[in-house]
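Visitor: Hi! Please walk me through this one, and keep it simple.
Guide: Happy to. Take a look at it first, and then ask away.

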Amino acid sequence: VVVGCATIEPDRMEEVLFGRESGDQNGAQGLLEQAHGGVIYFDEVADMPLVTQSKILRVLVDQKFQRVGGNDQIKVDLRVLSSTSCDLEVEIAERRFREELYHRLNVVPVEVPTLEERREDIPELVEHFVEHFNQTQGLNMRKLSDDAATLLQTLPWPGNIRQLKNVIERILILSDGTGPISADEIPTDKHKSAGANDGGGMSANWATLPLREAREAFEREYLITQINRFGGNISKTANFVGMERSALHRKLKSLGVVSGNKSKSAEEA
């Protein structure tokens, strides 16, 4: 059973979770009762109201609760999964999330990498989304051109996979074509290339620089873009740009480029 904490109105959260006692014998079941004997998944758990967090904590401890407006204790046997895109330690410090609930949920933490850390997965994700929209909405099956794949891999994705999914849906809806998705179809008006260290794109005014400085500036931003595209993997970057790995390392050093906080294993892969 999935609980979309970000999509439920705060004043309805408890009724949705715990159900409501009514005049008939059965009453209205909440999601906790529906998940009895199975798994309940709290999506974006950081958006759960503080008052509800306290009650959910009690359910996790006692495995029982009362419906809204009721007095009887309802026992449940369930497992709990939760996810969030927020830093819960920051939320705790800002008193927006209960520390006790955090420790209760954080038994087996799994950190999912951002889309920007797994740019090499973008073509396969696009293929999956195209197939999904074909099956659910009847939109055309289309492949991704090489130019479009390269562009998607260099864009910033603060909204992660959901943002990519929305972009692909928009492309398929606005086009009646069946040919490969081209780079021209990708909405980039609100994006910059993910090349520069500050997340910006290749925005330097080359005309104001001497040839040598302009070339170095271009090479620096181009290589940073490709490094980010391949998630910091130097070997893959070298293969794409057509350089030996050792030569690329020398070039990066001469340009003063540091590949960020990528792990050594990623660089040597």
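Predicted model: local features only at pLDDT ≥ 70, side-chain atom pairs only at ≥ 80, totals over all residues.

**Rings, charges and a helix**

Visitor: Good to know. How many aromatic pairs are there?
Guide: The count comes to three. Phe 218 and Tyr 222 form a stacked one, with 5.8 Å from centre to centre and 20° between the planes. Rings of Phe, Tyr and Trp (its six-membered ring) pair if their centres lie within 6.5 Å; planes under 30 degrees apart are stacked, over 60 edge-to-face and the rest tilted.

Visitor: Where do Phe 218 and Tyr 222 lie?
Guide: Both are in helix H9 (residues 211–229), four residues apart, which is about one turn of the helix. Helices here are DSSP runs (H or I, at least four residues), as are strands (E, at least two), and they are numbered from the N terminus. An α-helix has 3.6 residues a turn, so residues three or four places apart point the same way. Phe 218 is partly exposed, because its relative accessible area is 38%.

Visitor: Which aromatic pair is tilted?
Guide: That would be Phe 230 with Phe 240, at 5.7 Å centre to centre and 50° between the planes. Phe 230 sits in the loop between H9 and helix H10 (234–241), and Phe 240 in helix H10, so this pair ties together parts that are ten residues apart in sequence. Phe 230 is buried, with a relative accessible area of 13%, whereas Phe 240 is partly exposed at 38%.

Visitor: New topic: how many salt bridges does the structure hold?
Guide: It holds 14 of them. A salt bridge means a side-chain nitrogen of Lys or Arg within 4 Å of a carboxyl oxygen of Asp or Glu. One of them joins Arg 162 to Asp 43, and their closest N and O atoms are 3.2 Å apart. Arg 162 is in helix H8 (residues 160–174) and Asp 43 in strand S2 (residues 39–43), so the pair ties together parts that are 119 residues apart in sequence.

Visitor: Is Asp 43 buried or exposed?
Guide: Asp 43 is buried, with a relative accessible area of 17%.

Visitor: What about networks of salt bridges?
Guide: Glu 21, Glu 33 and Arg 67 are linked in one.

Visitor: Back to H9. How far does it reach?
Guide: Its 19 residues reach 27 Å from the first C-alpha to the last, close to the 27 Å expected at 1.5 Å a residue. The expected span is 1.5 Å times one less than the number of residues. Its buried residues include Ala 214, Leu 223, Ile 224 and Ile 227.

Visitor: What covers the buried residues of H9?
Guide: The cover includes helix H7 (146–154), H10 and helix H11 (245–255), judged by contacts, meaning heavy atoms within 4.5 Å. Just after H9, Gly 231 takes a positive phi of about 65°.

Visitor: Last one: what makes up the nonpolar surface patch?
Guide: Val 107, Val 108, Val 110 and Val 112 make a patch of about 460 Å². Patches use residues with over 30% relative accessible area and no salt bridge, joining like charges within 9 Å and nonpolar side chains (Val, Leu, Ile, Met, Phe, Trp, Tyr) within 5 Å. Areas come from the Shrake-Rupley method with a 1.4 Å probe, and for residues only the protein chains shown count as cover. Val 112 is in the loop between helix H5 (99–105) and helix H6 (122–137), and it counts as exposed at 65% relative accessibility.

How values were computed:
Residues numbered from 1 in each chain as written. Heavy atoms only, no water. Buried < 20%, exposed > 50% of the residue type's maximum accessible area, 1.4 Å probe, protein only.
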